[in-house]
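Please view the sequence and the model first.

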Amino acid sequence: GNIRFYVLVFSFVLSVVIYLWVTQTTQNSALQTIRLTQTYALTAAIFLYFTLLAGPLTYQFRALPFRALYMKSRRAIGVSTFYFALIHARLAFFGELGGFPVLPTLSSKYLLAISFGFTSLIILTLMAVTANDAMIAKLTFPRWKFLHRFVYLVGIFILIHALLLGGHFRDLGSTIPQ
């Protein structure tokens with residue numbers, strides 16, 4: 001079977017389940033937007049973590065069950081990271097913040113956090129668009145690999161973004177930051 005297809009279908013279904021769960025368990029519309037924004041952000045971070053972990057985990061543990069499937073699914077896991085990050089960004093920027101008119105009123109800390117998030121989303125977009133065999137052939141593998149190594153920068157930028165904005169990260173000893 002095509003593991004990448006199944007990962008992408010799973011991600012879409014998961015996004016719908018998250019939406020339905022939050023809208024059914026939260027009555028207040030503003031609170032729904034906040035919870036959806038946070039849940040999609042956390043989901044994107046988890047997918048990013050599994051994308052970053054694929055190489056080191058499979059190289060270190062050669063006897064890891066489903067090792068080949070995990071490596072083959074890595075691109076789809078990365079595209080899923082982009083998908084959840086895009087939903088998060090749309091809800092946060094246009095739903096919670098109010099879009100472009102609000103930007104001049106934000107603090108420099110908030111603008112810095114948004115800049116890290118937006119830069120990460122741009123990189124993830126470029127990576128998602130090029131996460132297929134046709135683009136690897138068109139770019140050549142060395143250029144494609146160079147572009148996709150920016151995933152590590154995304155990992156750092158998203159950590160900074162979360163630390164600057166995420167209310168759950170005020171106490172680094174609590175469950176979500178751990």
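**Helix packing in a predicted model**

Helices α3 and α4 pack at an angle of about 145°, with their axes 9 Å apart, where axes are lines fitted to C-alpha atoms over the stretch in contact and angles run from 0 to 180 degrees between N-to-C directions. Helices here are DSSP runs of H or I with at least four residues, numbered from the N terminus. The model is predicted, so local features need pLDDT of at least 70 and side-chain atom pairs count only at pLDDT 80 or more, whereas totals for chains, interfaces and linings use all residues. Residues are numbered from 1 along each chain as its sequence is written, and side-chain values use heavy atoms, with hydrogens and water left out.

**α3 with α4**
- The crossing of α3 past α4 is left-handed, meaning that the near helix is turned anticlockwise from the far one by less than a right angle (clockwise would be right-handed).
- Residues of α3 including F82, L86 and L97 take part in the contact with α4, whose partners include Y110, I114 and L124; contact means heavy atoms within 4.5 Å.

**α1 with α3**
- The axes of α1 (residues 3–25) and α3 (residues 67–97) come within 8 Å and cross at roughly 30°.
- α1 is therefore roughly parallel to α3, a term for angles under 35 degrees, and their crossing is right-handed.

**α4 with α7**
- The axes of α4 (residues 108–129) and α7 (residues 151–165) come within 9 Å and cross at roughly 150°, so the two helices are roughly antiparallel, a term for angles over 145 degrees.
- This crossing is left-handed.

**Helix α2**
- The 32 residues of α2 (residues 29–60) should span 46 Å at 1.5 Å a residue, which agrees with end C-alpha atoms 46 Å apart; the expected span is 1.5 Å times one less than the number of residues.
- α2 bends by about 40° at L53, with the proline P56 following within four residues; the bend is the angle between axes fitted to the seven residues ending there and the seven starting there.

Note on methods. Parallel < 35°, antiparallel > 145°, perpendicular 65-115°, else oblique.
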